[in-house]
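Have the sequence and the 3D view ready.

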Amino acid sequence: MRAFPLCTVALLLATVPAQAQRIDWDGSVGVSRDAWRAAATGIWRVEVGRSLRLGVGARLSRYGGESSSYRSPDEDRPAALPLRVRLAPSVWGLNLAVEGQVRVIGPLAVGANLDLAGIATGSSRRDSGLRLEPARGSLFRYGDRDRGSLNSEYFLGLQAGSALALRAGVSHYVTGYRGTAGGVSTRYLRFDTVPFLALRWVP
């Protein structure tokens with residue numbers, strides 16, 4: 001089921017005429033009181049009918065913020081490892097993303113996008129013998145089952161010209177760390193929701 005959105009978009013890309021396909025470039029920044037993230041995305045999208053746009057692409061995200069609590073969701077977490085740790089995230093993530101967008105009226109549209117899988121990196125740190133580093137692999141599995149660091153957006157879009165669109169909304173994302181001590185390890189996750197603004201170039 002997790003592969004269904006990607007398979008659907010891939011089939012459409014193969015069947016939609018070339019003149020209905022485009023590559024969009026997008027930059028967005030989201031900030032809250034104690035968390036922030038920035039992202040750059042390239043999306044290969046198709047027009048389906050007069051109002052629906054579907055796309056697949058790659059998104060590079062940078063995550064940061066103040067020191068906050070991360071929790072281990074693993075039920076089989078080794079007893080030697082703490083349930084919670086505090087750290088300030090510093091993570092880069094490169095993921096495969098899918099997007100859907102529907103034109104509501106005139107230049108106004110609503111849409112959402114989601115990271116499915118990818119890789120992450122960033123600085124590691126030690127705390128009382130516990131080594132914490134960003135989880136290398138990322139995979140969307142929903143909620144506490146997520147692996148690594150994944151970004152998603154829910155937005156309103158406004159076409160501001162023939163080649164420029166403005167977007168605004170909320171970004172819900174997860175950053176994931178792996179904690180290791182004494183030869184055992186567990187996952188630590190933090191979920192954040194931040195408002196964001198974005199510019200999209202539509203060549």
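Ile43, Arg45, Arg53, Leu54, Gly55, Glu99, Gln101 and Arg200 line the second largest cavity. A cavity here is a set of points, on a 1 Å grid over the protein atoms alone, where a 1.4 Å probe fits but cannot get out, and lining residues have an atom within 4 Å of a point. The elements that each give two or more residues to this lining are β2, β3 and β6, and β3 supplies the largest share, with three residues. Strands like these are DSSP runs (E, at least two residues), numbered from the N terminus. Sorted by class, the lining has two nonpolar, two polar and four charged residues. For that sorting, Ala, Val, Leu, Ile, Met, Phe, Trp, Tyr, Cys and Pro are nonpolar, Asp, Glu, Lys and Arg are charged, and the others, Gly among them, are polar. The space inside comes to about 40 Å³, a volume being the space filled by probe spheres set on the grid points, which are joined across faces, edges and corners.

A word on the ground rules: this is a predicted model, where local features need pLDDT of at least 70 and side-chain atom pairs count only at pLDDT 80 or more, while totals for chains, interfaces and linings use all residues. Residues are numbered from 1 along each chain as its sequence is written, and side-chain values use heavy atoms, with hydrogens and water left out.

How many cavities of 30 Å³ or more does the structure hold? There are two. The largest has about 70 Å³ of space and is lined by 15 residues, with Thr41, Ile43, Arg59, Glu99 and Asn113 nearest its centre. β1 (21-31), β2 (35-48), β3 (52-65) and β6 (90-105) are the elements giving two or more residues to that lining. Its residues split into four nonpolar, five polar and six charged.

Now for the charged pairs. Side chains of opposite charge can pair when their charged atoms come close. Counting a salt bridge as a side-chain nitrogen of Lys or Arg within 4 Å of a carboxyl oxygen of Asp or Glu, the total is 15. Here are some of them:

| Pair | Closest N to O distance |
|---|---|
| Arg131 and Glu133 | 3.4 Å |

Are the partners buried or exposed? Buried means under 20% relative accessible area, exposed over 50%, and partly exposed in between (1.4 Å probe, protein chains only). Arg190 is buried at 5%, and so is Asp192 at 10%. Glu47, at 24%, is partly exposed, and Arg131 is partly exposed too, at 30%.

There's also a network of salt bridges linking Asp26, Arg37, Arg59, Glu99, Asp115, Glu153, Arg167 and Arg200. Let's zoom in on Asp26, which sits in strand β1. With 7% relative accessibility, Asp26 counts as buried. Its side chain makes polar contacts (a pair of N or O atoms within 3.5 Å; within protein, one must be able to donate a hydrogen and the other to accept it, and residues adjacent in sequence count only if both atoms are side-chain atoms). One, of 2.9 Å, is with the side chain of Arg167, and another, of 2.8 Å, is with that of Arg200. Setting aside neighbours within four places in sequence, Asp26 is in contact (heavy atoms within 4.5 Å) with Ala39, Ala40, Thr41, Arg167, Ala198, Leu199 and Arg200.

Technical notes. 1 Å grid on protein atoms, 1.4 Å probe; cavity = no way out; pocket = protein on both sides within 12 Å on 5 of 7 lines; lining within 4 Å. Helix = DSSP H or I, 4+ residues; strand = E, 2+ residues; numbered from the N terminus.
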